Amino acid sequence: MRRNFISVSAATALKNSKFVDCRWSLKEPETYGPAEFAKGRIPNSIFVDMERDLAAQPTPESGRHPLPPLSNFIGWLKSKGLQKNEPIVCYDDAGGSCAARLWWMLRCLGFQEPTILEGGIQAWQKAGGTLDTKDATIVTANDEDFPESWETGFMPVFSVEQMVSNLTQSNVHVVDSRPAPRYNSKEEPTWPDPVAGHYPGALNWPVPSNLTEDKLLRPEPELRALAEAALCAKSSANDTVFHCGSGVTACFNIAVAEQLGLGVPRLYVGSWSQWCKVHPTKVQYGNPAEV
């Protein structure tokens, strides 16, 4: 069984590992991560910018965080010296919900050992780990073979066109990873997305429900109960689609489902921020089956 999450003690024991700081804030998307990184990070970490490195500029037809051009992301990987055959530890200060986006993108390109640091930078400090502000030592990575597109990568994706078809054909089960108030709401929130509600028939598995107060993963039996409820008793997550607000935090639930041995859900990258723009009338409200 693949271990997608790693403890601080296990992460410090890794040889030739690379740590990547993925801190980001929905309320301060441009400034929060760089500012926190400058204040202090896990020693020899590099920083990845959610808005510039892990996403392209949104368009009128896309969600808030469309995947970047593949060549751009590969160029970033090479510039930071990240290679497929080395352990890469992705961390943040949000329990891993932001770091999971980088984890998913690395897996999609065939990286073998990316993991998400359990408890993030807080757990690192609580375990006695120090922070510093020194620049990481970087050796530019060698050329490697990568998929030709995100769609032909090693992690399955789902398009908005497929989501439309699914309304009538019901080919896949849909899981919404947003917090319950955003999933249930009938009121117009205006932010971060302009339309309330959820995709018709989607069940809710809020990412925060996986975490303790210390932002650590809950015990496996509790995680399994959450996952199985969201999967509606399906034996495998392979025929499910996970989404969130903009294709970021849903990656966390994908990592949990796979670690539990339930398969690999597909990611609808556009997520609710795309769906509510393109099909604002095809929504559902209330709480039919909240996890």
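Predicted model: local features only at pLDDT ≥ 70, side-chain atom pairs only at ≥ 80, totals over all residues.
A residue is termed buried when its relative accessible area is under 20%. Because six of the eight residues of H10 are buried, the helix is largely enclosed by the rest of the structure.

Strand S7 and strand S9 pair in the parallel sense over four bridges, and His-173 stands opposite Thr-240 in S9. A further pairing, likewise in the parallel sense, joins S7 to strand S8 (residues 203–204) over two bridges; here Leu-203 in S8 is the bridge partner of Val-175. Within S7 itself (residues 173–176), His-173 and Val-175 point one way, while Val-174 and Asp-176 point the other way. All of these S7 residues are buried.

A separate contact involves two helices. Helix H3 (residues 70–79) packs with helix H4 (residues 99–108) at an angle of about 100°, the axes lying 12 Å apart. H3 is therefore roughly perpendicular to H4, since angles of 65 to 115 degrees fall in that class. On the H3 side, the contact comprises Phe-73, Trp-76 and Leu-77, which meet Leu-102, Met-105 and Leu-106 in H4. The residues of this contact divide into six nonpolar, no polar and no charged. In general, an α-helix has 3.6 residues a turn, so residues three or four places apart point the same way.

Note on methods:
Residues numbered from 1 in each chain as written. Heavy atoms only, no water. Axes fitted to C-alpha atoms, helices over the stretch in contact; angles between N-to-C directions. Parallel < 35°, antiparallel > 145°, perpendicular 65-115°, else oblique. Contact = heavy atoms within 4.5 Å. Nonpolar A, V, L, I, M, F, W, Y, C, P; charged D, E, K, R; others polar. Buried < 20%, exposed > 50% of the residue type's maximum accessible area, 1.4 Å probe, protein only. Pairing = 2+ DSSP bridges.
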